[in-house]
Amino acid sequence: MTEPRPRSDPPVSGTQPQEADVLRNILRRAGYLKALAFSALVGILVSLAAFWFLAALHELEHVLWTDLPQAMGRDTPPWWWPLPLLLFAGITVGLIATHLPGAGGHVPASGLHTVGATPPELPGVVLAAAASLPFGAVLGPEAPLIALGGGLALLFRDLAQAPATPQSNALLGAAGAAAAVSAIFGNPLIAAVLLIEVAGVGGPQLFAVMLPALLSSGVGALVFTGLGRWTGLETGDLTLKLFTPAPRLDVADVLWALVIAVALAAALHPLLAGARRIATYVKSARPLVRTVQCALGAAVCACLYALITGRSPGEVASSGQATLAALAADPHAWGVGALLAVVLFKGAAYALCLGSLRGGPVFPALFIGAAVGVLLAPLPGLGVVPAMAVGMAAAAAATLRLPVSSAVLVILLLGSSAMMPVVILAAVVAFVVTELLPPGHAEPS
């Protein structure tokens with residue numbers, strides 16, 4: 001009779017146990033736990049700084065675009081108003097880019113970056129953003145906030161005389177950037193998702209894995225929604241029942257979502273390539289003079305829009321964040337001519353500002369996508385809300401080339417998951433079309 005063989009552990013399959021052990025070992029390191037605790041403190045300090053920074057920008061913008069025109073007896077700024085403001089912006093940013101460390105931050109035509117500014121570069125980043133955003137640059141505050149948050153985190157680390165290592169630099173920089181970004185988007189979830197995608201953890205492999213998962217989840221949501229309505233049966237889910245009725249999606253919404261996503265990606269591709277050419281033009285020689293030229297070009301776009309439509313030039317100038325809220329609240333207040341004009345003129349000013357001034361690309365892209373959606377809403381079977389949702393998702397994904405972040409951002413902006421299926425489809429399709437198109441002019445270094 002043979003002795004029973006000793007019992008052995010089952011063979012390890014895949015890599016999950018090994019990865020779990022690696023993560024457990026990282027979490028047990030004293031240095032990592034200290035960095036985690038310090039990140040919490042950094043989040044408090046950076047959030048305070050980001051709050052006052054954004055509040056100051058908002059107040060200055062209100063003074064320049066509302067209080068001063070009202071003091072002149074006007075309800076809206078006159079048509080020529082953007083000219084002196086953007087002239088000042090161009091001169092100031094050109095001087096900062098020429099003389100201060102860090103050139104006032106990275107050029108927004110190159111997209112979003114997770115790298116924060118170094119402490120010596122922080123004054124230039126703050127001054128360039130303050131000279132660009134309130135004075136009418138067609139840019140948002142997210143890129144300066146990322147640079148500011150990462151730079152402040154490193155500055156606090158230096159002041160605390162904590163050890164500086166490549167790992168701590170990466171951890172604290174990401175923590176500071178996330179705390180700052182969550183301040184502008186009002187939600188820490190989008191900050192985390194955005195930084196994961198912007199950092200490119202996993203490289204192209206990450207996108208290759210995420211896109212099928214994202215697309216299948218969107219299609220699956222459509223199937224579940226359709227079957228639930230057709231059969232009247234319930235499967236149970238984690239969706240909260242909101243008190244406001246949401247518009248129902250149908251086949252026409254889905255089909256138009258695909259068409260709009262392809263069209264917006266194809267239209268925005270040359271605009272973004274043109275912005276990169278403008279950035280190269282500004283950087284190659286006489287950056288001060290060429291920054292002023294581009295800023296005045298954006299001002300002329302806003303002036304022409306005001307002269308042609310009789311509306312405020314502020315609808316073309318600035319990030320479009322406030323105008324987006326007004327458009328969403330009352331889309332029928334915009335005629336077809338005004339929508340066409342704001343898309344064309346804001347698109348041109350957007351490209352000029354991306355290549356010359358300092359700021360981020362998110363909010364102007366969202367506004368352009370929403371305006372295109374409202375413009376196309378009368379198409380057969382397409383509603384205003386689905387059209388706006390699809391337009392924003394497609395424009396954000398084509399501009400940022402971050403499909404998951406774009407979908408999450410638009411869903412959070414809408415405040416409802418009812419449009420989630422078409423938002424996901426639009427983001428994935430726009431991203432794929434953008435990636436398959438010829439790359440065009442290289443991004444500025």
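User: What makes the pair glutamate 435 and arginine 401 a salt bridge?

Analyst: The closest N and O atoms of glutamate 435 and arginine 401 are 3.1 Å apart. A salt bridge requires a side-chain nitrogen of Lys or Arg within 4 Å of a carboxyl oxygen of Asp or Glu, and this pair therefore qualifies. The model is predicted: local features need pLDDT of at least 70, side-chain atom pairs count only at pLDDT 80 or more, and totals for chains, interfaces and linings use all residues. Residues are numbered from 1 along each chain as its sequence is written, and side-chain values use heavy atoms, with hydrogens and water left out.

User: Which parts does the pair of glutamate 435 and arginine 401 tie together?

Analyst: Glutamate 435 belongs to helix H16 (residues 420–436), whereas arginine 401 is in the loop between helix H14 (384–400) and helix H15 (403–414), so the parts joined are 34 residues apart in sequence. Helices here are DSSP runs of H or I with at least four residues, numbered from the N terminus.

User: How many salt bridges does a search of the whole structure find?

Analyst: The search finds two. Besides the pair already described, glutamate 315 and arginine 311 meet through their side chains, at 2.9 Å from N to O.

User: How many disulfides are counted, and how do you know?

Analyst: The count is zero. The sulfur of cysteine 301 has its nearest cysteine sulfur, that of cysteine 353, 8.6 Å away. For cysteine 303, the closest cysteine sulfur is in cysteine 301, at 9.2 Å, which is too far for a bond. A disulfide needs a pair of cysteine sulfur atoms within 2.5 Å, so neither distance meets the rule. Cysteine 301, with 11% relative accessibility, is buried, and cysteine 303, with 4%, is buried as well.

User: Which residues touch the most other members of the largest nonpolar core?

Analyst: Phe185 and Leu366 do so, in a core of 127 residues. Helix H9 (residues 251–284) gives the most to this core, with 13 residues. A nonpolar core is a set of buried Ala, Val, Leu, Ile, Met, Phe, Trp, Tyr and Cys residues joined through side-chain atoms within 4.5 Å. Beyond its neighbours within four places in sequence, phenylalanine 185 is in contact (heavy atoms within 4.5 Å) with residues including Glu142, Val362, Phe363 and Leu409.

User: Where is alanine 103 found?

Analyst: Alanine 103 is in the loop between H3 and helix H4 (122–132). Its phi, near 60°, is also positive in a residue other than glycine. With a relative accessible area of 24%, alanine 103 is partly exposed.

Definitions and conventions
Buried < 20%, exposed > 50% of the residue type's maximum accessible area, 1.4 Å probe, protein only. Helix = DSSP H or I, 4+ residues; strand = E, 2+ residues; numbered from the N terminus.
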